[in-house]
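I opened my notebook today to go through a structure piece by piece. Here is what I looked up, in the order I looked.

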Amino acid sequence: LLNKELKKVDPFAPNITKEEVAMVIQECKQNFWYYIREIARAPGLAGSDPRPFRANRGNISLYWLFFNHVLTILIQIRQSGKSFGMDTLNRYLLNVRCKDTDIILITKDEDLRSQNLARMKEIEDVLPFYLKLRTRNDLANTEELTIRALGNTYKGLLAQKSPKLALNLGRGLT
């Protein structure tokens, strides 16, 4: 913890004070590991309660490499949380860390894009109320999510078979 006053603060407490909320948000912005340990949750399956984020070698190394600006390819066995780990990172970037940022996900087909954006919405649903920044004016469909309060956009694009079309995928974004 950067702010030791947060040691006994439950970020999900229904009676959390405005001062505590401000401290949690500040800690999240400055300390991704606090966000992963105290805030990130896996949405419950079939109505069960959300579960705390489960770290493994794959996602911890991915996060360390990402925040140290090392280009990374993540290969993990199936059903070990690779997609959820990436979605958790992207949700953190969209709702906490970034401002005026576009994030692009390229998937092989429409089904994967829809599943990913649905997971992203579910992850946001289990965040504390003060980190749910999407309003009814924001987009939240099967192709794009926006957090207009921060100027952030998350777009799902489909891979292209033609090299010429693939070259133009995401063109114009900075």
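**Ground rules**

I am working with a predicted model, so I take local features only at pLDDT of at least 70 and side-chain atom pairs only at pLDDT 80 or more, while totals for chains, interfaces and linings use all residues. I number residues from 1 along each chain as its sequence is written, and my side-chain values use heavy atoms, with hydrogens and water left out.

**Entry 1: the pocket**

I began with empty space. Rolling a probe the size of a water molecule over the atoms shows where such space is left. I call a pocket an open set of points on a 1 Å grid over the protein atoms alone, where a 1.4 Å probe fits, with protein on both sides within 12 Å along at least five of seven lines; lining residues have an atom within 4 Å of a point. Points are joined across faces, edges and corners, and a volume is the space filled by probe spheres set on the points.

The largest pocket comes out at a volume of about 1,500 Å³. I find 44 residues lining the largest pocket, and Gly81, Lys82, Ser83, Phe84 and Arg119 lie nearest its centre. Two or more lining residues come from each of β2 (51-52), α3 (57-67), α4 (82-97), β3 (102-107) and α5 (110-125). My element names follow DSSP runs numbered from the N terminus: helices are H or I with at least four residues, strands are E with at least two.

Which element gives the largest share of the lining? That is α4, with eight residues. By type, the lining divides into 22 nonpolar, 14 polar and eight charged residues.

**Entry 2: helix α4**

I checked the length of α4 next. Its 16 residues should span 22 Å at 1.5 Å a residue, and the end C-alpha atoms are 21 Å apart, which agrees. The expected span is 1.5 Å times one less than the number of residues.

Is α4 mostly covered or mostly open? It is mostly covered, as twelve of its 16 residues are buried. Here buried means under 20% relative accessible area, exposed means over 50%, and partly exposed is in between (1.4 Å probe, protein chains only). Among the buried residues of α4 are Phe84, Asp87, Arg91 and Tyr92.

**Entry 3: aromatic rings**

I searched the whole structure and got twelve aromatic pairs. I pair rings of Phe, Tyr and Trp (its six-membered ring) if their centres lie within 6.5 Å; planes under 30 degrees apart are stacked, over 60 edge-to-face, and the rest tilted.

Phe32 and Trp33 pair edge-to-face, at 5.4 Å centre to centre and 70 degrees between the planes. Phe32 is buried at a relative accessible area of 4%, whereas Trp33 is partly exposed at 35%. Phe32 also pairs edge-to-face with Tyr63, at 4.9 Å and 75 degrees. Phe32 lies in helix α2 and Tyr63 in helix α3, so this pair ties together parts that are 31 residues apart in sequence. Ring pairs link both into a cluster that includes Phe53, Phe84 and Tyr92.

I then looked at α2 as a whole. Its buried residues are Phe32, Tyr34, Tyr35, Ile36 and Ile39, and they pack against α1, β1 (41-42), α3 and α4.

**Entry 4: single residues**

Asn31 sits in the loop between α1 (18-30) and α2 (32-39). Asn31 counts as buried because its relative accessibility is 12%. Leaving out residues up to four places away in sequence, Asn31 touches Leu1 and Leu2, with contact meaning heavy atoms within 4.5 Å.

Most residues other than glycine have a negative phi. I noted His69, whose phi is positive, near 60 degrees. His69 is in the loop between α3 and α4, and at 74% relative accessibility it counts as exposed. Asp100 also has a positive phi, near 55 degrees. Asp100 is in the loop between α4 and β3 and is exposed at 61%.

Last, I took one distance: Lys18, in helix α1, lies 54 residues from Thr72 in sequence and 38 Å from Thr72 in space, C-alpha to C-alpha.

Note on methods: Nonpolar A, V, L, I, M, F, W, Y, C, P; charged D, E, K, R; others polar.
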